[in-house]
Structure formats: C-alpha cells, structure tokens
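Dear colleague,

I am passing on the structure we spoke about, and I would be glad if you could look through it with the notes below at hand.

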Amino acid sequence: MKNDHIYLDNAATTRTDPDVVQAMLPYFTETYAVASSQFSHTPGIMSKEGLDHSRQIIADKLNVSPTQIVFTSGGTESNNLAIKGTFAAFKGQKNHIICSKVEHNSVLHTCQYLERNGAQVTYLDVDKEGFIDPVQLENAIVDNTFLVSIQHGNQEVGTLQDIELISKICNDKGVAFHTDAALTFTKLPLDLGEIKVDLMTLSAHKIHGPKGVGALYIRKDTPIEKLVHGGYSEFDKRPGTENVSGIVGFGKAVEIASEEHVQHLNKLQKRLLDGFEKNINGFRINGSLDMSKRIPGNLNVSFDYIEGESVVLHMDMKGVAIITGSACFSRSLEPSYVMMGMGFTHERAHGSIRFTMSRFNTEDEMDEVVNSIKEIVENLRRISPLKN
Amino acid sequence: MSLPYTKKVLEHFKHPHNVGKIEDADAQATEGSPACGDMVKIYLKVDADSKVIDDIKFESYGCASNIATGSIITDLALGKTIEDAKKLNWKEAANALGGLPAVKVHCAVLAVDALRTAITNYEHKHGLVLEKKPTTEAVVIKRLSRVINPLAGLDVVKTKLVQEVKIESGNITVWVEMPTHHQFSSNIKEEIIERLEPLWDVEHVEVIFRGD
C-alpha cells in the first residue's frame, strides 16, 4: 500500500531515511551475530563494531563519553528506566519526584505507577504557553526529592523548556535531572558538557531512524538500577540481545541530521503559519508564541467554532495526515491533557490541530495544506451553531 | 485497513443534507455543548394543520458522526408528522448510516435528543401538551441539567453553577454563580433561556449572575 499523503504527523513518528535502511540491511543477513566482546569470534566482534560506532556517533553529538549511552527499545523504555531505575536505587531513602503536568505519558504514567508504590510526586503547572515556572520548581524541591523529570520539548504544542536553567536549579539543590529529549535531539544543540543533565531520553524513530530503538544517557555515578534482568549488556543497565541493526540505523540517522535540516523545518513552520495568517481568520496558536521556543517544525493551532476530528478527517480525505487534541480523536474520549493543563477551555482543546513537519516535507506542501485547511474551516464554520 | 466509518457516514459527513438555520423557525433546540466537543442544533417548521415537519435544518459542532447523524436524522424527520418524528430513535439513525462505531453512538443520541427536544418545544409553544403539568422546580432543574458548564464539561446543576431557581406565575428566575462578565456568561444565559422558555406555562425567564 502506497502512502501518498502529505505527512505532517512527524512528532508521532518519521519516515525512516532510505540511507538509514541501507545502513541497517547488512546487519540482518550478514553481520547478524550477537555483539560480543573482543575475545569472541569474528562475527560477534563485527556486530560489536557496528554497535560501538553508533554509540560513538550519539555520544559525540551530546559531547559525552560513549560509556554513558545505554541503548533501549525506545523513548518509552528510556523514560521508564530513568524514573523507575533511580527510584529503585534510592530504596525509599528518598522518594519524591517532580515532573510537569504536560509530560509524555511514559513519564506521567510511570510517576503515577510509582505513586501507588510509595513515591510522592509533584506535578508542576504550566502557563498558557506551556512553560513551567522555575520558581515553582525550585520551591517544590525538598530534602526527599531524588529526581526532577522535565521534558525538553512538548509532544503536542512544541513548547521548549529552559533545560539549562532547570539543570542549574537541580544542580544547586543536588537533585538528579532527567529530561525527555526524544523530540529535540539533533534538532537543537544539546551539549551535555555545557549543560549538566543526569539522564536524557533519546529516540531513533523521531529523527528518521527505525522504530524500536532508543537510548538513555546516564551521567557517570548517577544512582540507577536496571529494570530488566537476564544478563550484563549495555554496561549492566539493560540486558537482552542488542538490536544491532536498529542501533546502527539510529547512529546513521544521527549522522545524517544536519543544521540545514533544522533550517528547512523552521522555513516550513514559518510558511505554514504565514499561510494561515494571510488566509484564515479566527485561529489561535497553542504553545509558545515565540517561534524560537518551539520544537522546529511544530505548529499547533485551534480554529474557532469548529471541532478537530472533523478537520482531521476532511484533511485525511484530501490526503493530509495531521492530528487533533479533540476528545473525539483520542482513545480515551478525553480532550488533550496538555491543552487542559495549559488552562484552556474544552472547546479550545477540541479544536486544536497539530502539524509537525520533517525534512521530507516541502514548501509547496505547506501551501497545499493552507488551501485545504482554509476550505475545510470555511465549510465547517458554515454548519457550526457557534459562529457569529 | 480503512477509516472506522461506513461509506454512508462519510458521504453524509462530506455532503451533509439540510444544513443551516431557519430564521423564522417554529421551534428549535440545542443539545450538547462545545465543552463536550459535540453540539447539535435543530430548527423546525411545522405545518399548523397537518403537524407535518415541512422544513428542518441542523447545525453541528462536532465530529464526523455528529455531522452525519444530524444529516440523516433531518432526512428521516422531514415530511413526517411530529408524532411520527418523535418516535425516531438513535438505532434507526445509526442503521440508516450503515452503523456507527460503538464509541460514537453518543453522537447519534445527541441528534435524536435535539430533534425530540425541538418537537417538545414546539408542542409547548403551540398548546399541544396533553398533560398540562405545571412547571415545578424539579422540571426546571431537570431541563437545566442539560446545560453544560463549559469550564468543567459537566452540567450547570452538577457543577453547582445553578443552585437556586424561583417560579412565580409564569416567571422563572435562575441565579447563576458566575460573574456577569465571565467569558461564558452570555452563552450560558442563552442556553438556559432556550431550555426553559418553550415550556407551555412559562412567560418569561430571567437569568441573574451573582458571582461578582
């Protein structure tokens, strides 16, 4: 089945770069041995070289030592390992976690799970643009706090938190800082030699790598226990046969990512927003209004008087893939908790539409999307009882 | 793998029938609210002698099934007497659409409710209520429990926005615990009046905000 949609759901996942696929292929049929130590057989050593090469690429990108990169099955596992792993290491001596109300579910649900198992969690508010209040964070840290987990960029509205400032606050208070950077890695500079982060979640498939691969950066001496048992791989932090082909793909994706791609994303984002501003009345931007404080290539807006699922379905029929924060669209039939957490009305949440671009999108596509949205918004407003 | 909607639902969604407003409608009704993510408004023109619905239009704020059910229910009701139209239920609407996903059935219910409420409103306004029960506080509260508080996504009674009503010789006063200039005050006021004014023995509805 061919996918000829204009795909603007890149915060969910991205197209695997064909060069990434090419880089991975030999690791299925040729270099398929289990990655082993240098004292093993040659096929095992070859796999190990592929693995280590990727680890080095990712470590270099973050300016850290490769021994601090632990490969996982993806962002969700990395977030689980970061939070449950540190909780376990503190063995109840400290049991307080701080995160924000708009974290990804793999952070929120993990915190809620730990709450049922003896942890105390503070969920920080965010303002109308999705930013946490650093003062509220500082005040929330108590003697019992062992971890602050604040995402770098928000999955829905794209708001970027000031992780440099947050890391300073955590550092001053002697509390470990975890950040989920799955959506910002390679798009924004993350020099962990400059910014002291203790744990950082990374994911391959958000950056044109394969699905099922991620990593957790674990700063040296961060107390953490493994969650899965059955071996010693990944520095005894994550047992299980390494997904070598996937990890090689991850490395390749990081190698390909460039500053030009980011500039392209910024151009697309601007083109789409300019198009809306010129052609559509009555829409509001959700998330940071300062475009430099959004994930590159993220635009989230609410169109007045209309509901999101109808927009998404009409757009799908026109060949454009986008999503909405509307309850109708979600499996839970609840409106987006991110939008509600930002203090918006149900109506604004139901009307929110997320456009997330990748380097494979074009400016012509953005113009086409603007035209389609304009037509659909006008048609739906014509039948809406809320207009006037 | 395809969309979870039948071809028929998608047809009605893409090109809904009977869309719009009837300026001189004989009756109208709104069900749902933007807070819930679904809202349907139905307008009726009824022939005074035959009681046949000779025009019906709807407006929708909502998802595909909401729009499609609004379209099909107005198709089904057009040309029927109000007695027959009252008997339409959500199953008939859903069947006529070739089925709806289970989680979307509430949308069909909403459109059917709007049609029934519009007909009831017509009956009240035109002296067709068989049992002329006087409007009591219980009746008022029951009707107001369909008005949604947009802040909470629940109705104004449950969320205690309305705690006191007074009924006095055809005049109803409703006190709303919300500031006069709140962003939703005019919306709530309009909905409360729309819910109560059609009642056969109600002359006037006064909504007073007292959250200042």
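A contact, in what follows, means heavy atoms within 4.5 Å. By that criterion, residues 24 or more positions apart account for 63% of the contacts in chain B with a separation of 6 or more, and for 71% of such contacts in chain A.

Please keep in mind that this is a predicted model, in which local features need pLDDT of at least 70 and side-chain atom pairs count only at pLDDT 80 or more, while totals for chains, interfaces and linings use all residues. Residues are numbered from 1 along each chain as its sequence is written, chains are lettered from A and ligands numbered from 1 in the order in which they are written, and side-chain values use heavy atoms, with hydrogens and water left out.

The two chains

Chain A holds 14 helices and 13 strands, where helices (H or I, at least four residues) and strands (E, at least two) are DSSP runs numbered from the N terminus. Its radius of gyration, taken over C-alpha atoms, is 22 Å, close to the 21 Å that the globule rule (2.2 Å times the number of residues to the power 0.38) gives for 388 residues, so chain A is as compact as a globular protein of that length. The C-alpha trace of chain A spans about 75 × 50 × 35 Å along its principal axes. Of its 388 residues, 58% are buried, a word that stands for under 20% relative accessible area, with exposed meaning over 50% and partly exposed in between (1.4 Å probe, protein chains only). Chain A exposes about 16,300 Å², of which carbon and sulfur atoms supply 49%; such areas come from the Shrake-Rupley method with a 1.4 Å probe, and for residues only the protein chains shown count as cover.

Chain B has seven helices and eight strands. For its 212 residues a compact globule would have a radius of gyration near 17 Å, and the 18 Å of chain B agrees with this. Its C-alpha atoms fill a box of roughly 55 × 45 × 25 Å along the principal axes, 49% of its residues count as buried, and its accessible surface comes to about 9,800 Å², with 52% belonging to carbon and sulfur atoms.

Aromatic pairs and a helix in chain A

Over all chains, a search of the whole structure finds eight aromatic pairs. Rings of Phe, Tyr and Trp (its six-membered ring) pair if their centres lie within 6.5 Å, and planes under 30 degrees apart count as stacked, over 60 as edge-to-face and the rest as tilted. One of the pairs, Phe87(A) with Phe146(A), is tilted, at 6.1 Å centre to centre and 45° between the planes. Because Phe87(A) lies in helix H4 (residues 75-90) and Phe146(A) in strand S5 (residues 145-149) of chain A, this pair ties together parts that are 59 residues apart in sequence. Both Phe87(A) and Phe146(A) are buried.

The rings of Phe276(A) and Phe283(A) have their centres 5.9 Å apart and their planes at 70°, so this pair is edge-to-face. Phe276(A) is buried at 0% relative accessibility and Phe283(A) is buried at 15%; together with Phe303(A) and Phe355(A) they form one aromatic cluster.

In helix H5 (residues 105-115) of chain A, the buried residues include Ser106(A), Val107(A), Leu108(A) and Cys111(A). Among the elements that cover the buried residues of H5(A) are H4, S5 and helix H12 (337-341) of chain A.

Lys41(B), in strand S2 (residues 38-46) of chain B, counts as buried at 10% relative accessibility. Leaving aside neighbours within four places in sequence, its contacts include Pro385(A), Glu190(B) and Glu194(B).

Ser60(B) belongs to strand S3 (residues 53-61) of chain B and is buried at 3% relative accessibility. Ser60(B) lies 4.7 Å from Val40(B), C-alpha to C-alpha, although 20 residues separate them in sequence.

Val157(B) sits in the loop between strand S5 (154-155) and strand S6 (162-168) of chain B and is partly exposed, with a relative accessible area of 23%. Beyond its neighbours within four places in sequence, Val157(B) is in contact with Ile141(B), Leu144(B), Ser145(B) and Val162(B).
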